[in-house]
Amino acid sequence: MKKKLVVLGGGYGGLALINELLNKGLPNDIAITLIDKQPFQGLKTEYYALAAGTAADSELRVAFPQSPDVTLALGEITSLDRTKKLVHVTGHDPIAYDYLVIGLGCTDHYHGIVGAAQYSNSIQTFQAARKAYTALNNIAPYGTVTIVGGGLSGVEMASELRESRGDLKISLINRGPKLLGGFPDGIQNYAAQWLREHDVELLLNTQLERIEHNHLFVEGSDSSLETDITLWTAGIQPVELVQRLDADKDKGGRLKLNKQYQLQSDPSIFVVGDCASLPYAPSAQVAGIQGEHIAHILLAIWKDKTIPVEPIKLRGTLGALGKHSGFGVMGSMSIKGRIPRLIKSGILWRSKHS
Ligand SMILES: Cc1cc2nc3c(=O)[nH]c(=O)nc-3n(C[C@H](O)[C@H](O)[C@H](O)COP(=O)(O)OP(=O)(O)OC[C@H]3O[C@@H](n4cnc5c(N)ncnc54)[C@H](O)[C@@H]3O)c2cc1C
């Protein structure tokens, strides 16, 4: 009987792993099952554009691999039984595994801010981004949108929405003094200047205390900020299923792993992408590279070869400021303007067509 590799989540990490296994040649005695609640991969790095109304739903879908070696099980994964090595999925009998890969991505982190989950919109899932799209695009002319969190997704969201709806009042709230924490000063200043020039109000050094319907309360202020829609881009954590998993985690709730990306307590379970504790910020790029490395490790295990140790080499980070401008860091080089935007569009095109 074939051994079963079950991959939870067909996102950047899970799919990179499966595609690499198929490209390198899956051993005859291994069968792959891919489980996801969506019938396609959602290009999460572009969800801000879906929410803003500048990208169609259909543009952000990538078909899952079609191969006789891959069985697709579509449904919501509700729990894992690590003792019996079973995955529980809505609409399916329990799915047995010999090797499991957890690649379920992340969800919002509200940092205990009261009302944030209830009164803000998310762009962390396809479904949530569609909901945000409807809410944003139904706002009456001259309405107010407040985006909480001035990291990459908050900046991309604010700029894309500005290009989509010139009439809206858009504010971007950031806890720290600078947008795009972790980026070089020149990039932070460039993005801030672009946003100000495009009439996005920046509320820096602003710590939210609580959110109520149409009102945001800021620490140290008696009055509230009025808003029609609040968008949350102020933090992430692994999905709820991983939050519930009884295993060692880092401060961000990500699963601690050994050098082969296996759970320290259970070598039959590998973890890829946003759920994995790695010395890098979570990103699609890290998830993709790590997915390929796990494929090489699995092939070595199955073929009784030496386990390869491959460092994760990042190519750089790119961000969009609307459809015509952007920024990026490649090694020690910062790039701004049209070129990084074109490169970002090219990468998106490649990931849709590869
Ligand atoms: C707006 C935005 C912009 C971003 N921009 C960039 C960028 O420019 N560059 C970059 O590198 N990264 C970017 N990121 C981060 C990047 O999208 C993530 O780091 C990446 O998607 C992580 O890949 P993953 O494989 O871990 O998970 P994902 O790609 O999120 O895939 C997880 C999969 O698991 C499935 N799933 C989850 N829970 C369940 C369940 N219970 N049952 C069944 N299926 C389930 C989901 O449907 C999904 O298909 C951005 C993120 C956002 C939100």
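1. Lys344 and Glu156 are both buried (buried is under 20% relative accessible area, exposed over 50%, partly exposed in between, with a 1.4 Å probe and protein chains only). They also form a salt bridge, with the closest N and O atoms 3.3 Å apart (the term means a side-chain nitrogen of Lys or Arg within 4 Å of a carboxyl oxygen of Asp or Glu). Lys344 belongs to helix H9 and Glu156 to helix H5 (residues 152-164), so this pair links distant parts of the chain, 188 residues apart. Helices here are DSSP runs of H or I with at least four residues, strands are runs of E with at least two, and both are numbered from the N terminus.

2. Before going on, some housekeeping. This is a predicted model, in which local features need pLDDT of at least 70 and side-chain atom pairs count only at pLDDT 80 or more, while totals for chains, interfaces and linings use all residues. Residues are numbered from 1 along each chain as its sequence is written, and side-chain values use heavy atoms, with hydrogens and water left out.

3. Because Lys344 lies in helix H9 (residues 338-353) and Glu46 in the loop between strand S3 (41-42) and helix H2 (47-52), the pair ties together parts that are 298 residues apart in sequence. Lys344 has a relative accessible area of 11%, and Glu46, also buried, has 7%. Put together, Glu46, Glu156 and Lys344 are linked in a network of salt bridges.

4. Lys24 and Glu20 meet through their side chains at 3.0 Å, N to O. The two are 4 residues apart in helix H1 (residues 12-24), which means they are separated by about one helical turn. Glu20 is buried, at 10% relative accessible area.

5. Next, have a look at strand S21 (residues 266-271): 5 of its 6 residues are buried, so the strand is largely enclosed by the rest of the structure. Strand S9 (residues 99-102) runs parallel to S21, joined to it by 3 bridges (strands pair if DSSP finds at least two bridges between them). Leu100 has Ile269 as its bridge partner in S21. Strand S20 (residues 262-263) is antiparallel to S21, with 2 bridges, and a hairpin through 2 residues joins S20 to S21. There, Leu263 stands opposite Asp266.

6. Ser268 is worth a click while you are in S21. Ser268 is buried, with a relative accessible area of 9%. Its side chain makes a polar contact of 3.0 Å with that of Lys85 (that is, N or O atoms within 3.5 Å; within protein, one must be able to donate a hydrogen and the other to accept it, and residues adjacent in sequence count only if both atoms are side-chain atoms). Leaving aside neighbours within four places in sequence, Ser268 is in contact (heavy atoms within 4.5 Å) with Lys85, Tyr97, Asp98, Tyr99 and Leu100.

7. On to the rings: the count comes to 5 aromatic pairs (rings of Phe, Tyr and Trp, the last by its six-membered ring, with centres within 6.5 Å; planes under 30 degrees apart are stacked, over 60 edge-to-face, the rest tilted). Tyr47 and Phe126 form a tilted pair, 5.2 Å centre to centre with 55 degrees between the planes. This pair links distant parts of the chain, with Tyr47 in helix H2 and Phe126 in helix H4 (residues 126-137), 79 residues apart. Both Tyr47 and Phe126 are buried. Tyr99 and Trp302 pair edge-to-face, at 5.7 Å centre to centre and 70 degrees between the planes. Since Tyr99 lies in strand S9 and Trp302 in helix H8 (residues 284-302), the pair ties together parts that are 203 residues apart in sequence. Both Tyr99 and Trp302 are buried. Ring pairs also link Phe40, Tyr47 and Phe126 into a cluster.
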